[in-house]
Amino acid sequence: MLGFFRRKKKKFGPLIYLSEPTILYHTKTEKVILEIIEEKLNSNNVILPSDYGLRDVSDKIAEVDYLVAVAIMGRFSSLVGREVKKAENFGKKVYTLDIAKTPESLVYILTEGVPEHIKWLNEEETFEFFNQFIAKDFLGSSFRGLFIGYRDHEW
C-alpha cells in the first residue's frame with residue numbers, strides 16, 4: 001500500500017535482459033525468476049520488459065551482458081525466440097530458465113545456452129499453446145477465485 005516508502009535495492013552485477021512470455025508479466029513466477037537470477041548469476045541489474053508494458057524494448061539487448069530466456073514447459077514463445085536470436089546475433093551469452101509444473105509445485109531449471117529439448121514456437125503455435133495454458137491454469141482458478149479465493153494459483 002505504501003510502496004513508495006520502500007527503499008530501492010542498490011543494483012549490482014552484470015546487466016541482464018529477461019526475455020519472458022507476456023503471460024508471466026507481473027506474476028509470482030516473475031518474482032521467483034528475479035530471485036533465481038540474483039542467486040545464480042549474482043545480479044539484480046535486470047532489464048524487465050514488463051516494466052515497459054507491451055512496448056518493444058528488445059533494442060536494449062545490444063547493451064546487456066547476458067540474456068535469460070524463459071521457457072514454459074520446454075517451449076520458447078515466438079517473442080522469446082526472436083529475442084534469443086537477436087542476442088545470439090549480438091554475441092551475448094544466453095541462459096535458459098525452463099519452468100515445468102509438477103503436481104506439487106513449479107520447477108525452475110537454469111542452464112547456460114539453449115538446451116536441445118527446447119521447442120521454438122512460431123506465432124500461431126504460441127497463440128494455441130497460451131490459449132490452452134491459460135484455459136487450464138488461469139481461467140479455472142479465476143472462476144473459483146470469485147467464490148473461494150486464489151489460494152492455489154501457482155503461476
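Where does asparagine 42 lie? Asparagine 42 is found in the loop between α1 and β2.

## Basis of the model

The model is predicted, and local features need pLDDT of at least 70, while side-chain atom pairs count only at pLDDT 80 or more and totals for chains, interfaces and linings use all residues. Residues are numbered from 1 along each chain as its sequence is written, and side-chain values use heavy atoms, with hydrogens and water left out.

## Overall architecture

The chain holds 3 helices and 7 strands. Read from the N terminus, its elements follow the order β-α-β-β-β-α-β-β-β-α. Helices (H or I, at least four residues) and strands (E, at least two) are DSSP runs, numbered from the N terminus.

Of the 155 residues in the chain, 39% count as buried. Here buried means under 20% relative accessible area, exposed means over 50%, and partly exposed lies in between (1.4 Å probe, protein chains only). Among contacts (heavy atoms within 4.5 Å) between residues at least 6 apart in sequence, 71% join residues at least 24 apart. The chain exposes about 9,700 Å², of which carbon and sulfur atoms supply 54%. Accessible areas come from the Shrake-Rupley method with a 1.4 Å probe; for residues, only the protein chains shown count as cover.

Asparagine 42 has a phi near 55°, a positive value in a residue other than glycine. Asparagine 42 counts as exposed because its relative accessible area is 53%.

Histidine 26 is placed in the loop between β1 (16–19) and α1. Its phi is near 60°, again a positive value in a residue other than glycine. With a relative accessible area of 58%, histidine 26 is exposed.

On a 1 Å grid over the protein atoms alone, a cavity is a set of points where a 1.4 Å probe fits but cannot get out, whereas a pocket is an open set with protein on both sides within 12 Å along at least five of seven lines; lining residues have an atom within 4 Å of a point. The lining of the largest pocket has 17 residues, of which Lys9, Lys11, Leu34, Asn44 and Leu48 lie nearest its centre. These lining residues divide into 5 nonpolar, 5 polar and 7 charged. In this division, Ala, Val, Leu, Ile, Met, Phe, Trp, Tyr, Cys and Pro count as nonpolar, Asp, Glu, Lys and Arg as charged, and the others, Gly among them, as polar.

At least two lining residues come from each of α1 (28–41) and β2 (46–47), and α1 provides the largest share, 5 residues. Leucine 34 belongs to helix α1 and counts as partly exposed, at 26% relative accessibility. Beyond residues up to four places away in sequence, leucine 34 touches Leu18, Val46 and Leu48.

## Helix α2 and its surroundings

Helix α2 (residues 78–89) has 12 residues and reaches 17 Å from its first C-alpha to its last, close to the 16 Å expected at 1.5 Å a residue. The expected span is 1.5 Å times one less than the number of residues. Its buried residues are Ser78, Val80, Gly81, Glu83, Val84 and Ala87. Just after α2, glycine 91 takes a positive phi of about 75°.

Valine 84 lies in α2 and is buried, at 0% relative accessibility. Apart from neighbours within four places in sequence, valine 84 is in contact with Leu67, Ala69, Phe76, Val94, Val114 and Trp120. Valine 84 and alanine 69 are 6.8 Å apart, C-alpha to C-alpha, and 15 residues apart in sequence.

Serine 19, in strand β1, is buried with a relative accessible area of 0%. Leaving aside neighbours within four places in sequence, its contacts are Leu67, Val68, Ala69, Val70, Val80 and Glu83.

Phenylalanine 130 is located in helix α3 (residues 123–148) and is buried, at 12% relative accessibility. Not counting residues up to four places away in sequence, phenylalanine 130 touches Pro21, Ile23, Ile72 and Ser77. The C-alpha atoms of phenylalanine 130 and serine 77 are separated by 8.9 Å, although these residues are 53 apart along the chain.
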